[in-house]
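Hi everyone, thanks for coming. Let's look at this one together, starting with the picture.

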Amino acid sequence: MAIAQFVVNGLLVGALFAAVAVGFALIWGVVDIINLAHGEMVMLGGYTAYWLLSIATGTAEGSVLLFLATLPVVIAVLFVLGYVLQRTLVSRVIGTDIFLTLLVTFGISIAIQQLAIQAWTANPRSIQVGFADPSLIVAGVVIPKMKLVAFFGAIVLTAILYLFLQRTRTGRAIRAVSQNPEAAALVGIDVEHTRAVTFGISSAVAGGAGAFIATILNIEPQMGLIYTLKSFVIVVFGGVGSIPGALTGGLLLGVVEELTAGLISSRWTLAVSFTLLIVLLVVKPQGLFGTGADE
Amino acid sequence: MTSDQNRRTFLKVAGSTGALGLTGLAGCAGSSSDGDGGGEGGSGDTITLGGSMSLTGDNADLGRLYKDSYQETIDRINEAGGVEAGDGNTYELEMVLRDDGTDPSTSRSIYQELIDREGIDYLLGPYASSVTLPASAVAAENQKPMVEGGGASPEIFSQGNEWIFGLLPTANKYAKSYFDMALEQDSPPETVAILAEDDTFSQTTADGAREKIEEEGLELVVDESFPTETSDLSTNLGRVRDNDADILLLCAHQQHNIILANQMESQGVNVDAAMGTVGSLNQSFKGEVGANGDYIYGPTSWDINANFDDPVYGGTQDFVAAINENYGYPPDYHSAAGEAVILTFVNAFESVDELGPTAVRNAIRDADPFSTVYGEVSFGDNGVIDKDMLIRQWQPDPGLQTVYPSSVAQADPIYPMPDWSER
């Protein structure tokens with residue numbers, strides 16, 4: 001029974017990791033940039049939802065519907081931010097040395113963190129979503145309702161992104177740019193615009209996940225790094241550029257971490273997940289979803 | 001981009017990210033600043049107390065609390081006629097306090113200079129454990145007593161240094177009063193759960209708690225440590241629930257207190273009492289968790305509402321009024337500890353037959369408990385104040401209340417705390 005509880009805990013939080021990682025995998029696959037500021041988009045999404053609710057209710061408390069109503073705004077704000085960041089800063093280093101792109105995105109992450117500390121202080125914050133009865137108990141397994149909402153929210157965000165890439169014209173343009181930017185340009189796709197849209201979409205999904213994280217965990221200006229690192233692990237689990245891979249990788253990472261915390265100790269979670277990362281890199285370097293991953 | 005290239009890119013990136021991450025996590029040291037100012041050495045009818053303090057830099061706001069408190073206390077003592085020392089003479093007190101910018105090496109050189117050039121025999125400690133530790137070594141090398149109210153790391157007192165006396169309870173005492181309080185209730189706890197962050201301070205707090213649990217014959221049913229980066233305590237809280245712990249102790253900082261309060265609700269964890277060791281008494285904690293923070297306890301070394309007798313001010317409330325009136329802010333435990341630093345020296349000066357660093361050091365060490373605005377002061381063998389923390393609790397109405405010990409309590413603890421289904 002305890003193991004069932006650990007697995008459920010892991011799946012609930014793993015879906016959020018996955019929603020963060022899909023954006024990371026997308027930017028990597030399409031723009032060919034490792035975005036070290038991706039975790040900061042999660043943080044900014046959390047703060048945007050927090051402040052929207054604070055403005056609406058006076059305190060960062062509200063019903064689940066009120067919270068969900070903030071999501072479109074969070075997604076729009078983060079989309080614009082991602083788009084502008086790509087157009088003004090990141091686009092200038094695309095195609096140069098990989099270390100230059102890393103330094104630029106790392107610089108952006110530090111700048112955002114510091115600005116956030118200046119603006120909102122380093123105090124951790126959280127959004128309170130009210131439920132009459134905060135958790136469900138199914139066969140002895142406790143499932144907090146807000147975590148369940150966040151789980152489905154993260155799955156929906158990931159699914160929308162997947163469908164968007166598969167079914168829409170812009171989605172097809174994004175995939176074309178990821179496969180061959182020169183050929184995409186030849187057939188009339190605005191490559192720069194498409195890359196910026198990709199950056200915007202990735203930031204928007206990360207921001208949406210950040211808003212959910214603010215309701216079940218908490219947010220603070222320096223929370224981003226750990227989400228960026230987790231995204232790395234997930235992308236290796238799932239395969240670069242693969243959305244189903246990132247979803248599976250995220251759920252898997254959540255379950256592995258919670259099982260480790262439950263059966264051994266929380267102290268071992270990071271060590272175990274990064275050891276798994278190394279083993280996977282050696283044994284199955286193409287990721288769980290192998291070469292079939294659609295970049 | 002092919003998959004192979006992606007892998008190679010990943011390896012390069014993972015390596016550099018790790019390095020960058022570590023750089024970010026490594027933190028940075030405090031900045032340096034010069035010390036200036038001046039002061040006379042001890043003259044015939046004056047005793048000079050000297051020290052360094054964080055008067056600029058990151059901790060300047062806290063350093064000011066000590067400075068103001070020292071100055072106010074010394075002024076009052078002098079206005080009342082000075083110190084009637086045990087050698088039969090009456091002395092005025094004088095203070096030389098120089099800015100160390102919270103930099104340990106600046107602080108060290110200030111102390112050395114105060115001793116060598118100014119001939120100062122009695123040292124006021126600096127602020128923050130990282131500065132106090134090296135400063136206390138200067139005191140020991142030169143055999144001058146140092147009394148400090150700004151360093152709480154047990155490391156300061158584990159060096160066998162006989163010249164340092166500290167007024168802040170060390171981390172291992174943070175949880176002790178919580179158990180004492182719970183054990184005095186009608187249905188005292190039998191089982192305890194500890195969740196501890198794996199930083200040095202929290203682990204030391206947890207060590208102290210484990211000792212106390214063993215001493216009291218309680219059963220430790222959950223004892224888990226988690227990394228500072230942990231943002232989800234659900235699995236650990238599930239353990240607390242499944243093992244039916246009567247009371248819960250979280251040895252961690254504010255971030256984890258917020259997670260604890262919220263996840264206790266969402267996970268339906270019902271215990272008789274729950275305490276966070278650091279950051280659970282801040283207004284910002286309560287602001288973030290709202291009603292989920294009700295009934296949570298926290299420790300403090302001093303309470304502004306307490307009323308201890310004091311030979312200089314009369315009592316704690318007179319001290320609070322004096323600081324409020326003369327400096328325009330309410331004092332906190334730093335200020336009260338600062339007052340007790342001065343009184344520790346005064347008490348020793350009054351009890352020695354002849355003034356001198358060794359005699360004063362011995363008098364401080366052997367002093368019977370004496371009352372100050374900070375509470376009763378006396379020191380253990382290692383030089384740390386023998387003082388227990390006060391326990392405060394967030395009560396739904398009227399809010400934060402001191403609930404233990406009963407001599408200073410504003411209200412009885414609400415124990416056991418109501419189950420989530422009854423709130």
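How many residues of domain 1 of chain B are in contact with domain 2 of chain B? It is 5 residues of domain 1, touching 7 residues of domain 2, where contact means C-beta atoms, placed from the backbone, within 7 Å. Before going on: this is a predicted model, where local features need pLDDT of at least 70, side-chain atom pairs count only at pLDDT 80 or more, and totals for chains, interfaces and linings use all residues. Residues are numbered from 1 along each chain as its sequence is written, with chains lettered from A and ligands numbered from 1 in the order in which they are written.

Back to chain B. Domain 1 is 46–169 + 305–377 and domain 2 is 173–300 + 389–422; the bounds come from an automatic or database domain assignment. Their centres, taken over C-alpha atoms, are 33 Å apart.

Now the two chains. Chain A brings 44 residues to their contact and chain B brings 40. On the chain A side, the elements giving two or more residues include α4 (98–120), α5 (145–167) and α10 (243–263); helices are DSSP runs of H or I, at least four residues, numbered from the N terminus.

Finally, the largest nonpolar core has 212 residues. That means buried Ala, Val, Leu, Ile, Met, Phe, Trp, Tyr and Cys joined through C-beta atoms within 7 Å, buried being 20 or more other C-beta atoms within 10 Å of a residue's own, again placed from the backbone. Helix α1 (residues 2–30) of chain A gives the most, 17 residues. Both domains of chain B also give residues, so the core lies between them.

How values were computed. A residue is buried if 20 or more other C-beta atoms lie within 10 Å of its own, exposed if 12 or fewer, and partly exposed in between; C-beta atoms are placed from the backbone. Two residues are in contact if their C-beta atoms, placed from the backbone, lie within 7 Å.
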